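Dear colleague,

Please find the structure below, together with its sequence. My notes on what was found in it follow directly after.

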Amino acid sequence: MSSEPYLLPNGRVLRYSFRERLVHWLAGVSYVYLLLTGLAFWSPWLFWIAVILGGPTISRELHPWFGLVFVVGVSLMYSMWHRQMKETPADKAWWASIGHYIRNEDDQIPSADRFNPGQKLLFWGFFWNGILLLLSGLILWLPQHISWNLRFLRLAAVFVHPVCALATIALFIIHVYMGTAMERGAFGSVIRGDVSRAWANHHHHTWYEQLLRNSAERK
Amino acid sequence: MSQAATELIRISGHAGVVPGKGLNREFQVCKLVDTTTCIGCKACEVACLEWNGYTFSETTFDNTYQTMPETAWNYWNLIKFNEHERADGTMMLLMRKDQCMHCADPGCLAACPADAAIVQYANGIVDFQEANCIGCGYCMTGCPFNIPKFDPPSRKVFKCTLCNDRVSVGLEPACIKACPTGCLHFGTKSEMKELAETRAEQLRTNSGFQDAGVYDPAGVGGTHVIYVLHDAKNPELYGGLPKDPTIPLSVRLWKGPLKWIGNFGIIFGAVGVFIHYLRFGPKVVKEDEQESHGGTQ
Ligand code: HEM
Ligand code: SF4
Ligand code: SF4
């Protein structure tokens, strides 16, 4: 975690440090490139995406390299966040009230820590699928080095890679929707880094309370 | 075959029948390899290199007569040698000309993501169009015969073309022309099939090979290269010819059901979040909500 103060002098709350924002976009930008070029090879109806992105040969060439960048991003996220992403017993109650969350009945939802259980699912979904995408991606990258006797690895990789990609796409659609359209005030947290006190209190009450306590102690 | 381009089916202002119409019985071509009369001279290997303009590659010696362990991006035609000890203790040197089988249901083509990198002609030839190849190597995974090979510098995949450039102008493939024993034949699929069956019958009745038969695997819809084998029950003996080749299951699942499930899922997801927005709208936090938390503790 960063040493930057969380309660900013301007009356707002620092949600993500510069380092956290940087890592988020390292993973985010590389993921979008992987998604677009991956989709181009997934369906002939989307092959035009590769044409626009500099040609299919270049897309094929760069996709695995961006994959490595993405894996670096996810690894850094893991080192920054994995403790805060740990599942806690309180998460069960949150999931039990997911219907209220979906219907925006926010007063019916248990209060969340720095990351709510949905965000934890997103994180671990990307983490585990990222590992499988890396392993299968390495095989897809250099199939000529996987001998005929080990062909089952290639056969597994061509299936596992798109399955895991699809799993991340499901998470990605929800993540982007919530981060831009649904949760007003959230997008700024990964750009400028801050949110309003009301936002922090509303969406991450437990976390916010802790911040207030910490800053009171420091005084 | 090439006659499709020269056969007339209609003639304007012409009295009477169209000359030559319906003369062609079949356009499907086929190469027949009779392994029982192959002497392993490798003339076909040389002819293939010469016609396709490749130089000789380094050979790999592995205590057999075989030139290298498997075909290469610039070595499309390879005689596979196997010293086979039979049940009665006698030896047989099995030799099979390995190359693309030109499957009717080609796994390479099913797996390829690039527009027009692999095409299948009406005469049955499966041909790679290297200009469109992106070098992903999916074809190498889709092929049940280990045929497409990757060339790292050009990042393209190459394989036997069945001499498409020769066949399309009415010539037989280069390997056929070079074979000194007549163990290679070229013609229409039905002719070759008939010739192969006749030869297999001959082997069964006259030469004591009870299991002689024709290799034209149904799992890939039949092939446009077929073999006569002394022992059709054990094709693996012939340099690892697969017994019942098919497009691999994972490739079929990937290019079949997974494609539909995935496409449906992506569209469902994108439409789903949009409908959610229309129905429930955003989560807006009122700034005067300040210190009073909305949720239960
Ligand atoms: C983690 C490292 C990764 C590596 C090394 C990697 C490598 C590869 C390779 C070599 C291919 C074959 C064609 C191509 O190069 O485009 C491929 C295909 C693909 N990749 Fe990745 N990739 C990685 C991560 C990802 C991620 C995060 C996604 C998420 C969207 C993704 C989505 C896809 C898709 C959809 C395909 C096409 C699959 C198909 O044709 O059905 N990849 N990947
Ligand atoms: S390597 Fe070339 S021919 Fe083979 S599947 Fe990929 S694009 Fe198609
Ligand atoms: S043998 Fe392999 S490369 Fe040749 S047509 Fe069949 S699947 Fe394609």
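Donors are N, O and S atoms within 2.8 Å of the metal (3.2 Å for Na, K and Ca), and sites may look incomplete because water is not among the atoms. By these criteria the site of the iron atom of ligand 1 is octahedral, with angles of 85 to 179° among its six donor atoms. For six octahedral donors, the ideal angles are 90 or 180 degrees.

This is a predicted model, in which local features need pLDDT of at least 70 and side-chain atom pairs count only at pLDDT 80 or more, while totals for chains, interfaces and linings use all residues. Residues are numbered from 1 along each chain as its sequence is written, chains are lettered from A and ligands numbered from 1 in the order in which they are written, and side-chain values use heavy atoms, with hydrogens and water left out.

The iron atom of ligand 1 is coordinated by NE2 of A:His63 and NE2 of A:His161, at 2.0 to 2.1 Å. This pair links distant parts of the chain, since A:His63 belongs to helix α3 (residues 56-81) of chain A and A:His161 to helix α7 of chain A, 98 residues apart.

Chain A has nine helices and two strands, where helices (H or I, at least four residues) and strands (E, at least two) are DSSP runs numbered from the N terminus. Their order from the N terminus is β-α-α-α-α-α-α-α-β-α-α.

Two helix pairs deserve mention. Helix α6 (residues 117-141) of chain A packs against helix α7 (residues 151-182) of chain A at an angle of about 150°, with axes 8 Å apart. Axes are lines fitted to C-alpha atoms, for helices over the stretch in contact, and angles run from 0 to 180 degrees between N-to-C directions. α6(A) and α7(A) are therefore roughly antiparallel to each other, the term for angles over 145 degrees. The residues of their contact comprise 15 nonpolar, seven polar and one charged. Here Ala, Val, Leu, Ile, Met, Phe, Trp, Tyr, Cys and Pro count as nonpolar, Asp, Glu, Lys and Arg as charged, and the others, Gly among them, as polar. Helix α1 (residues 18-42) of chain A and α3(A) also pack at about 150°, with their axes 8 Å apart; this contact has 18 nonpolar, nine polar and three charged residues.

Turning to the other ligands, 13 residues lie around ligand 2, and B:Cys112, B:Cys133, B:Cys136, B:Gly137 and B:Cys139 come nearest. A residue is near a molecule if one of its heavy atoms lies within 4 Å of it. The shell around ligand 2 divides into 11 nonpolar, two polar and no charged residues. Ligand 3 is surrounded by 14 residues, the closest being B:Cys100, B:Met101, B:Cys103, B:Cys108 and B:Cys143.

With kind regards

Note on methods:
Parallel < 35°, antiparallel > 145°, perpendicular 65-115°, else oblique. Tetrahedral: all angles 85-135°; square planar, octahedral: opposite > 155°, others 65-115°.
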